[in-house]
Amino acid sequence: QVQLVESGGGLVQAGDSLRLSCAASGRTFSTYRMGWFRSAPGKEREFVASIRWTSESRYYADSVKGRFTISRDNAKNTVYLQMNSLKPEDTAVYYCATDSYGKTVGGGYERWDQYDYWGQGTQVTVSS
């Protein structure tokens with residue numbers, strides 16, 4: 001089992017920045033990839049970004065590319081999402097998740113059903 005705890009959400013204005021954190025504990029040694037997803041009212045859960053746990057391989061959704069940066073600190077078992085130039089359409093609950101069994105080895109990093117463990121989410125609200 002892996003436990004994930006997100007933090008860093010809040011209410012900001014358009015153009016501001018936020019950094020989300022996701023601290024992992026438990027069976028983290030087998031983590032293959034970590035991802036960030038978001039869920040807005042009336043919308044399906046959406047892929048935001050992912051990072052391999054042991055390489056620099058990163059992927060981003062087109063909607064956040066150039067504005068968001070995913071990073072990790074293996075020593076702290078923590079993954080971050082730096083969000084710059086925030087827009088009202090970024091408003092959502094943001095979740096981190098782990099692929100703990102290598103399901104995304106051949107692809108599918110953008111599919112939420114390829115991730116095994118999820119945090120409780122943190123709310124990000126961007127006002128115009």
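Buried means under 20% relative accessible area. The model shown in these views is predicted.

**View 1. The disulfide of C22 and C96.**
A search of the whole structure finds one disulfide. C22 and C96 form this link, with sulfur atoms 1.9 Å apart. C22 lies in strand β3 (residues 18-26) and C96 in strand β9 (residues 92-99), so the pair ties together parts that are 74 residues apart in sequence. The link is right-handed, with 55° about the S-S bond. Both C22 and C96 are buried. A disulfide is a covalent bond between the sulfur atoms of two cysteines.

**View 2. An open sheet of four strands.**
The strand order is β1-β3-β8-β7, and the pairing is antiparallel. At the edges stand β1 (2-7) and β7 (68-73). Each has a single partner strand, so one side of each is left without a neighbour in the sheet. On average, neighbouring strands of this sheet are turned by 15° against each other, direction ignored. Strands of a sheet pair through backbone hydrogen bonds, either parallel or antiparallel.

**View 3. The pairing of β7 and β8.**
Strand β8 covers residues 78-83. Six bridges join β7 to β8, and the two run antiparallel. Which residue of β8 stands opposite I70? That residue is L81.

T122 is in strand β11 (residues 122-127). Is T122 buried or exposed? Its relative accessible area is 11%, and the cut-off for buried is under 20%, so T122 is buried. The side chain of T122 reaches the backbone nitrogen of G9 at 3.1 Å. G9 is also one of the residues in contact with T122, once neighbours within four places in sequence are left aside.

**View 4. The largest nonpolar core.**
This core has 32 residues. Which of them touch the most other members? They are L4, W36, V48, F68, L81, M83 and Y94. Several strands supply at least two core residues each: β1, β3, β4 (33-39), β5 (46-52), β7, β8, β9 and β11.

**View 5. M83 and its contacts.**
M83 is among the core residues that touch the most other members. Residues up to four places away in sequence are not counted here. M83 then touches D16, S17, L18, L20, R67, F68, Y94 and V124. Of these, F68 and Y94 are also named among the core residues that touch the most other members.

Key
Residues are numbered from 1 along each chain as its sequence is written. This is a predicted model: local features need pLDDT of at least 70, side-chain atom pairs count only at pLDDT 80 or more; totals for chains, interfaces and linings use all residues. Side-chain values use heavy atoms; hydrogens and water are left out. A disulfide is a pair of cysteine sulfur atoms within 2.5 Å. Buried means under 20% relative accessible area, exposed over 50%, partly exposed in between (1.4 Å probe, protein chains only). Two strands pair if DSSP finds at least two bridges between them. Axes are lines fitted to C-alpha atoms, for helices over the stretch in contact, and angles run from 0 to 180 degrees between N-to-C directions. A polar contact is a pair of N or O atoms within 3.5 Å; within protein, one must be able to donate a hydrogen and the other to accept it, and residues adjacent in sequence count only if both atoms are side-chain atoms. Contact means heavy atoms within 4.5 Å. A nonpolar core is a set of buried Ala, Val, Leu, Ile, Met, Phe, Trp, Tyr and Cys residues joined through side-chain atoms within 4.5 Å.
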